[in-house]
Amino acid sequence: MDAVRTAELVAAVDRDADATQRERAVAPARSRGRTGPGPAGDALADEAGLRAAFLAHGSELLGLARRSLANQSLAEDVVQETFTRAWRSRRRFDPSLGTLRTWLFAIERRVLIDTVTRQTKHRTEPLDDADGVPVEDRVDAALLGWQVATLFGIPEGTVRSRAFYALRTMRGHLEALGWNA
């Protein structure tokens, strides 16, 4: 990831952190739950910790997102959203349950699932055939197979398999004589 994109991602996380701090200053103390970062949120509680986490794990997270989505721009957005969610839920991080890296990858997994779900919901397929190639109509072949099976009183699958093996044998004989089919 280049330095410009890294700076943009860090700036976006910083803006979100500032907004979160302003919200906490306005909200009453009783609705906040815990008042400080506490021991569980120390890894991401300050800006330096977030930057260190981004520098340590950002490229790995970007690699996973790029492989999963096959789109560089969308992968960068996923990494940014991962760190935004990590910042918002930093108090839930518990180092006794796993490492910071594992926690970030778990968050990114959920972001990737959300992104792919959003993409598939809004994906559209064109109705017109761009090549203009007519689609093969197999109705006549099906009717002919049904008529032959009825005429001889044998199952249609038997007629098909016998025709297949007959054509394969004939192709083998023709190739032995020098014909290329």
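The largest pocket holds about 200 Å³ of space. A pocket here is an open set of points on a 1 Å grid over the protein atoms alone, where a 1.4 Å probe fits and protein lies on both sides within 12 Å along at least five of seven lines. Grid points are joined across faces, edges and corners, and the volume is the space filled by probe spheres set on them. The model is predicted: local features need pLDDT of at least 70, side-chain atom pairs count only at pLDDT 80 or more, and totals for chains, interfaces and linings use all residues. Residues are numbered from 1 along each chain as its sequence is written, and side-chain values use heavy atoms, with hydrogens and water left out.

Nine names can be picked out around this pocket: Arg 138, Ala 141, Ala 142, Leu 144, Gly 145, Val 148, Val 159, Arg 160 and Ala 163. Lining residues have an atom within 4 Å of a point. Helix H5 (139-152) and helix H6 (156-176) are the elements that each give two or more residues to this lining. H5 contributes the most, with five. By type, the lining has six nonpolar, one polar and two charged residues. Ala, Val, Leu, Ile, Met, Phe, Trp, Tyr, Cys and Pro count as nonpolar, Asp, Glu, Lys and Arg as charged, and the others, Gly among them, as polar.

H5 has 14 residues. Its first and last C-alpha lie 20 Å apart, close to the 20 Å expected at 1.5 Å a residue; the expected span is 1.5 Å times one less than the number of residues. Gly 153 follows H5, with a positive phi near 70 degrees.

Now the whole chain. The protein chain has six helices and zero strands. Helices (H or I, at least four residues) and strands (E, at least two) are DSSP runs, numbered from the N terminus. Of the 181 residues, 27% are buried, meaning under 20% relative accessible area with a 1.4 Å probe and protein chains only. Among contacts (heavy atoms within 4.5 Å) between residues at least 6 apart in sequence, 68% join residues at least 24 apart.

The largest nonpolar core has 21 residues. Such a core is a set of buried Ala, Val, Leu, Ile, Met, Phe, Trp, Tyr and Cys residues joined through side-chain atoms within 4.5 Å. Leu 61, Val 78, Val 79, Phe 83, Leu 100, Trp 103 and Leu 104 touch the most other members. Helix H2 (47-69), H3 and helix H4 (100-121) each supply at least two core residues.

Thr 82 sits in helix H3 (residues 72-88). Thr 82 counts as buried because its relative accessibility is 0%. Beyond its neighbours within four places in sequence, Thr 82 contacts Leu 61, Leu 104, Ile 107, Glu 108 and Val 111.

Conventions. Buried < 20%, exposed > 50% of the residue type's maximum accessible area, 1.4 Å probe, protein only.
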